[in-house]
Amino acid sequence: MNTAPAFYPIGTPGTPWGDAERNQWLSGQTRQRSYASEVVSKIEPLRARFDVEEYGRLDYGDEGFPLLAIRSRDWNDELPVVLVTGGVHGYETSGVHGALQFVDQHGAEYAGRVNLLVAPCISPWGYERIHRWNPHAIDPNRSFYENSPAEESAALMRLVAPVRDRVLMHIDLHETTDTDETEFRPALAARDGKPFTPGGIPDGFYLVDDSENPQPEFQQAVIAAVEKVTHIAPADDNNEIIGSPAVARGVIEYPLKKLGLCASVTNATYKTTTEVYPDSPRATPAQCNTAQAVAVCAAIDYALAHS
């Protein structure tokens, strides 16, 4: 893993960013891949089997991004709703493509059993820039609350609002990458005028449960399924994963709603956030995508069996 920089090259240590620093940061962000050709192009063929809707649109300067969601074609209000989200952090590639792989390869298996609602790429600007933030240097995954400053987050909350109380399970698909340590955490510390404390990156897959409503058996069912595809992240010498206590093998807990995380947007009994490690020498991009799709299937299967 690369070493984090001694200081971040934007701003003054100890002083939160203002408009000038945010603009300087934004001027350094370049488009590195295409949401239209890599994501939208994969969603369009799904219209033959699923309903696809535009639930919002992001307009940033001269760029516009349709926000697309995929629904079960046989939507039945008497069935529970399952919510799958990906690309809240746009740079976390397997969250996006794992969600699409799930729909394409496994979505039909759940017809007549649940209503699927899948938002595969919540942050398309971040997807194209391979970044964690939106162009305002805001992290959408800390912004899922009323009057959200992130339009990515606000749009998803509007989409989910009509079914929020009917969602049985919500799985939010993420990655932890080496650039978390070399770029994104140093940038966060600089943005907020705080010191940066170097940490480590877990080698493997892990989950984040809700500390306010933990479901340990549900989490372990997902871990067991994913372990058949890729390795599970071990706890470190302090029995921690990414600085949080490991409450079980491959599982940590966060207070989802307090932190404004995507997994808090519904009242689902079963919630989890996946984290794969695409930079591991023991994993390939295909494995990471499949691990995400397998996690979704295992989560739905457990929720249906125990509801």
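Mentor: Let us begin with a term we shall need: a cavity is a set of grid points where a 1.4 Å probe fits but cannot get out, and its lining residues are those with an atom within 4 Å of such a point. Please keep in mind throughout that this is a predicted model.

Trainee: Which residues line the largest cavity?

Mentor: Rolling a probe the size of a water molecule over the atoms shows where empty space is left. Here the structure holds one cavity of 30 Å³ or more, and the volume of the largest cavity is about 50 Å³. Its lining is made by G204, F205, T230, H231, V276, Y277, A283 and C288, and these divide into five nonpolar residues, three polar and no charged.

Trainee: What volume does the largest pocket have, and how many residues line it?

Mentor: A pocket, unlike a cavity, is an open set of points. The largest pocket holds about 1000 Å³ of space, and its lining counts 47 residues, with R132, R142, R185, I242 and Y254 lying nearest the centre. By class, the lining has 20 nonpolar, eleven polar and 16 charged residues. Several elements supply at least two residues each, including strand 5 (167-175), strand 6 (206-210) and strand 10 (270-276), while helix 6 gives the most, with eight residues.

Trainee: Strand 6 is one of those elements; are its two faces covered or open?

Mentor: In a regular strand the side chains alternate between the two faces of the sheet. In strand 6, Y206, V208 and D210 lie on one side and L207 and D209 on the other, and all of them are buried. As for its neighbours, strand 6 pairs with strand 10 in the antiparallel sense over three bridges, where Y206 stands opposite E275, and with strand 9 in the parallel sense over four bridges, where D209 stands opposite E253.

Trainee: Why can strand 4 be called largely enclosed by the rest of the structure?

Mentor: The reasoning rests on a cut-off, since a residue is buried when its relative accessible area is under 20%. Five of the five residues of strand 4 (residues 115-119) are buried, so the strand is largely enclosed by the rest of the structure. Strand 2 (residues 63-71) runs antiparallel to strand 4 and is joined to it by two bridges, with L117 as the bridge partner of R71. Strand 3 (residues 81-86) runs parallel to strand 4, joined by five bridges, and there V84 is partnered by V118.

Trainee: Which residues touch the most other members of the largest nonpolar core?

Mentor: In soluble globular proteins, nonpolar side chains tend to be buried together. The largest nonpolar core here has 80 residues, of which Y55, I70, V84, F102, L156 and M169 touch the most other members. Helix 8 (residues 285-305) contributes the largest share of this core, eleven residues. Another core, of nine residues, lies apart from it and has V208, A246, L256 and A263 among its members.

Trainee: Taking L156 as an example, where is it found, and what does it touch?

Mentor: L156 is found in helix 5 (residues 151-160) and counts as buried because its relative accessible area is 0%. Leaving aside residues up to four places away in sequence, L156 touches Y55, T85, A119, I122, F144 and C262. One of these, T85, is 71 residues from L156 in sequence, yet their C-alpha atoms are 9.3 Å apart in space.

Key:
Residues are numbered from 1 along each chain as its sequence is written. This is a predicted model: local features need pLDDT of at least 70, side-chain atom pairs count only at pLDDT 80 or more; totals for chains, interfaces and linings use all residues. Side-chain values use heavy atoms; hydrogens and water are left out. A nonpolar core is a set of buried Ala, Val, Leu, Ile, Met, Phe, Trp, Tyr and Cys residues joined through side-chain atoms within 4.5 Å. Buried means under 20% relative accessible area, exposed over 50%, partly exposed in between (1.4 Å probe, protein chains only). On a 1 Å grid over the protein atoms alone, a cavity is a set of points where a 1.4 Å probe fits but cannot get out, and a pocket is an open set with protein on both sides within 12 Å along at least five of seven lines; lining residues have an atom within 4 Å of a point. Grid points are joined across faces, edges and corners, and a volume is the space filled by probe spheres set on the points. Ala, Val, Leu, Ile, Met, Phe, Trp, Tyr, Cys and Pro count as nonpolar, Asp, Glu, Lys and Arg as charged, and the others, Gly among them, as polar. Contact means heavy atoms within 4.5 Å. Two strands pair if DSSP finds at least two bridges between them.
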